[in-house]
Amino acid sequence: MNLEFTQEEIAFREEVRAFIEENHPKHLEGMGNREDMTPEDMTAWHKILGRKGWSAPAWPVEYGGTGWTPTQRYIWSEENARVGTFMPLPFGISMVGPVIYTFGNDAQKQQHLPGILSGDVWWCQGYSEPGAGSDLASLKTTAVRDGDHYIINGQKTWTTLAQHADWGFFLCRTDPDAAKPQEGISFILIDMKTPGVEVKPIKLIDGGHEVNETWLTDVRVPVENLVGVENQGWTYAKFLLAHERSGIAGVARSKRGVEKLREIAAQETIDGKPLISDFDFARKVSQLEIDLAALEYTELRTLAGEQAGKGPGPESSILKIKGTEIQQRLTELTLEAVGSYGTPMYGSIADVGSNQYPIGPDYAQLSAATYFNMRKTSIYGGSNEIQRNIITKMILGL
């Protein structure tokens, strides 16, 4: 693998860097906590990229993609991570968009793809249920055909940011008598303003509201909102999850996170010396960097395969497992580095109107909140235990 950029790629990097410098909202740089952001903040960069035609680098050109090579997409990720941009939310660009342009009909493409590209339409994902998470095939939400509509009833949970969503993509059981549970599931698009759709907040331990439970009570959805073929939704769901898992790896962001960790460890001290000079701590950071480098090459090979026309397959499970494990180790080491300054209660003092601001350096304030939030990464998108089963069966053939 040639690790040197060509002159054209260097020129592309300079173009990207200049565009980000000139166009990314300055007040959003480095803002990684959704609780500090308004819905307008979360879609601001997406809309700017939509106007530029850069919101969906991985999409085919005929549907609005950039036509970039894997190396250009790699450079794009690196440059965004370098300044900490808040990238487009994945639900439209990385999840339902590829399903629609791959399996949807022309009317669905014309209706939905422009809004996904522009960032004007907010999507949410209706997969998990209280009794169907990693075992998604056991879902119980039903869609019963009634003329030219489906009548949908059920409950979804952990619906991220559904309180802001315009549309959602839902897995529903359309054939309860199918021989295998996976064979009776359909992929249906639902307007979140439809009567009978109710979004209820799930308050997190820190008081944040990022996820929800979504109740569907006699929701009438036009049959034309069915993507692909009825009862074939499991195929589309697996296709979507492969794209999601590839994106979860977050290599560029983790690389920037390691740089910040080293900066913190150079300022924090132990026995009067910089923490980074402590052998045990330095060893853990070095091992993290080694694992991250290995993951980076795996991601590049996957990108190259996509460029050659091979969509992400079971190898995306490797990216998901290692990517999320690295993210968790990174946030754990960051919390370890800031020590008592990372006490969770400090981060909320200024939010309740007190004039007593958190003690310690700015870089410590979100370390605990980020650490706890990242515990979820090894669960969402299909738990890492399930991903290991996929690798065992689909890659190793065991």
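**Close-up views of salt bridges**

**View 1. A buried pair, Glu129 and Lys156.** Both glutamate 129 and lysine 156 are buried. The model is predicted. The two side chains form a salt bridge, with N to O at 2.9 Å. Distant parts of the chain are linked here, as the partners sit 27 residues apart. Glutamate 129 belongs to the loop between strand E1 (123-126) and strand E2 (142-146), while lysine 156 is in strand E3 (residues 149-157).

**View 2. Arginine 262 with glutamate 289.** A salt bridge joins these side chains, and their closest N and O atoms are 2.9 Å apart. Arginine 262 is in helix H7 (residues 251-267) and glutamate 289 is in helix H8 (residues 279-307), so the contact ties together parts 27 residues apart in sequence. Arginine 262 has 31% relative accessibility, so it counts as partly exposed. Glutamate 289 is also partly exposed, because its relative accessible area is 29%.

**View 3. Arginine 388 with glutamate 325.** The side chains meet in a salt bridge, N to O 2.6 Å. Arginine 388 lies in helix H11 (residues 384-395) and glutamate 325 in helix H9 (residues 316-338). The pair links distant parts of the chain, 63 residues apart. Arginine 388 is partly exposed, at 38% relative accessibility. Glutamate 325 is partly exposed too, with a relative accessible area of 22%.

**View 4. A salt-bridge network.** Asp280, Arg283, Lys284 and Glu336 are joined into one network. The salt bridges that build this network share partners. With nitrogen and carboxyl oxygen within 4 Å as the criterion, the count of salt bridges comes to 19.

Note on methods
Residues numbered from 1 in each chain as written. Predicted model: local features only at pLDDT ≥ 70, side-chain atom pairs only at ≥ 80, totals over all residues. Heavy atoms only, no water. Helix = DSSP H or I, 4+ residues; strand = E, 2+ residues; numbered from the N terminus. Buried < 20%, exposed > 50% of the residue type's maximum accessible area, 1.4 Å probe, protein only.
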